[in-house]
Amino acid sequence: MAGLFDKQADVYLDARPTYPKEWYSKLAVLTPHHTLAWDVGTGNGQAALSVAEHYEQVIATDVSESQLQSAMLHPRVRYAHTPLSITDDEVIALVGGEDSVDLVTVAQAVHWFDLPKFYNLVSRVLKKPGGVFAVWCYNDIEVDPTFDPIMKRFHDTTLPFWDKNVQYVFDGYKTLPFPFESVGLGSEGNPLPLDIPKQLSFEGFLKMLRSWSAVTTAKDQGVDLLPEKVVKEFEGAWGGSKLVRSVSYKAFMLAGKVRLRSL
């Protein structure tokens, strides 16, 4: 998926919801130390900046150079490009070494990863027993009973163009393997449901749809999933292009610690 978000990096920055600050506070309380965190698949750095409010240094990595070029700077955040060719040992050295990281976060991205390989990396870099690993995603937006069925119909038109890994997101991470010891914020097969409230303009809503990888993949194949007719239908149900609506993104979290083997 390295290049999947390169084309729409400029719209991605404005299109996505802001994860609530209390999420990071809840995670920070769970780690005994707050020296080092690693935000993986950082994109524009949204999660990394919030993690940096609780940790002395955050290493924020991504396979997409164009995403990192749009990243927001922060004195405690160090961004690093991790190309697909990088070795596990190189990643571990980049992050800070084995048993060095207090918190690992992955926002809206872990479903793209080679999970066994990545989970092995996480298990190596996390401090034991105190380090915490958290992943989250959102998979739906609720506006009102008039708008939501139109959104559902549009979503159905995108299904042939999604990568198969996105099924984990559609399932709300219920089917995502997560072999870590629960810390009370969701566990394998039982993710914690969360809401992300947002004031959203109609233009922001359209930007979100245009940033979907399925929409850009369809466009590359000559299929326009957002023709004027669809946009107008959305606009009418929204209440006009100038209206700002209160919406809720439906999110899910899994968090855990490395399972220590008994001697």
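Which residues have the most contacts inside the largest nonpolar core? I noted first that this is a predicted model, in which local features need pLDDT of at least 70 and side-chain atom pairs count only at pLDDT 80 or more, while totals for chains, interfaces and linings use all residues. Residues are numbered from 1 along each chain as its sequence is written, and side-chain values use heavy atoms, with hydrogens and water left out.

**Core.** I found that the largest nonpolar core has 88 residues, and that W38, V110, F118, F133, W136, F205 and F234 have the most contacts inside it. A nonpolar core here is a set of buried Ala, Val, Leu, Ile, Met, Phe, Trp, Tyr and Cys residues joined through side-chain atoms within 4.5 Å, and buried means under 20% relative accessible area, with a 1.4 Å probe and protein chains only. The largest share of this core, eight residues, comes from β5; strands are DSSP runs of E with at least two residues, helices are runs of H or I with at least four, and both are numbered from the N terminus.

**F234.** I then listed the contacts of F234 (heavy atoms within 4.5 Å), leaving aside its neighbours within four places in sequence, and found F147, I150, M151, F154, F202, F205, L209 and L226.

**Helix α7.** I looked next at α7, residues 147-158, where the 12 residues should span 16 Å at 1.5 Å a residue, and the end C-alpha atoms are 17 Å apart, which agrees; the expected span is 1.5 Å times one less than the number of residues. In α7, the residues F147, I150, M151, F154, H155 and T158 are buried. They cover an arc of only 140° around the axis, which puts them on the same side of α7, the arc being that of the directions from the helix axis to the C-beta atoms. What covers these buried residues includes β5 (132-142), α8 (167-170), α9 (202-211), α10 (213-220) and α11 (228-238).

**S248.** I placed S248 in strand β8, residues 244-257, and found S248 buried, with a relative accessible area of 17%. Apart from neighbours within four places in sequence, S248 is in contact with D140, I141, E142, D195 and I196.

**Whole chain.** I counted 11 helices and eight strands in the protein, and noted that buried residues make up 52% of its 263 residues. The C-alpha atoms fill a box of roughly 60 × 35 × 35 Å, taken along the principal axes.

Terms used. Buried < 20%, exposed > 50% of the residue type's maximum accessible area, 1.4 Å probe, protein only.
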